[in-house]
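Hi,

Here is the structure I promised to pass on to you.

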Amino acid sequence: MNSKRKPTHLIMNRLAVVLKEERVSNKQLAETLGYEPATISKWATNTIQPPLATFLRIALTIDRDLKDFFISSKDIEGEEKKKMLKELAVIAEKGKRTGKK
């Protein structure tokens, strides 16, 4: 197993594609929304995901349909679907609040 392998990220949002289509840079969007360009970059590369409300804010700001920002779940089938469900379960587990200190 290659330990230097780059970690893979789930591609859940299409922010980078939409920004490119609209000719809006990460810096421009960051300035408009009041975020750091590095944060926009992390969203665009699917390193982290912004809240749904932020996607709606971006959609309204650049006049795009909210659904343009997401992959279609109907296109995911078979082994790819099983793999994605496992990865999403891990992400969900990390995000659970257990109340433990």
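Helices (H or I, at least four residues) and strands (E, at least two) are DSSP runs, numbered from the N terminus.

Please keep in mind that this is a predicted model, where local features need pLDDT of at least 70, side-chain atom pairs count only at pLDDT 80 or more, and totals for chains, interfaces and linings use all residues. Residues are numbered from 1 along each chain as its sequence is written, and side-chain values use heavy atoms, with hydrogens and water left out.

Let me start with H1, which spans residues 15-22 and has Leu15, Val18 and Leu19 as its buried residues. They sit on the same side of H1, because the arc they cover around the axis is only 100°; the arc is that of the directions from the helix axis to the C-beta atoms. An α-helix has 3.6 residues a turn, so residues three or four places apart point the same way. The buried residues of H1 pack against H2 (26-33), H3 (37-44) and H4 (52-62), where contact means heavy atoms within 4.5 Å. Just after H1 comes arginine 23, with a positive phi of about 55°.

H3 buries Ile40, Trp43 and Ala44. Their arc around the axis is only 95°, so they too lie on the same side, here of H3. Their packing partners are H1, H2 and H4. After H3 you will find asparagine 46, whose phi is positive, near 65°.

Now to the aromatic rings. Searching the whole structure gives three aromatic pairs; rings of Phe, Tyr and Trp (its six-membered ring) pair if their centres lie within 6.5 Å, and planes under 30 degrees apart count as stacked, over 60 as edge-to-face and the rest as tilted. Tyrosine 35 and tryptophan 43 have ring centres 4.8 Å apart and planes at 70°, so this pair is edge-to-face. Tyrosine 35 is partly exposed at 30% relative accessibility, whereas tryptophan 43 is buried at 3%.

Phenylalanine 55 and phenylalanine 69 form a tilted pair, with centres 6.0 Å apart and planes at 50°. This pair links distant parts of the chain, as phenylalanine 55 is in H4 and phenylalanine 69, 14 residues away, is in the loop between H4 and H5 (78-95). Phenylalanine 55 is buried at 2% relative accessible area, and phenylalanine 69 is buried at 0%. Ring pairs join Phe55, Phe69 and Phe70 into a cluster.

Best wishes

Definitions and conventions:
Buried means under 20% relative accessible area, exposed over 50%, partly exposed in between (1.4 Å probe, protein chains only).
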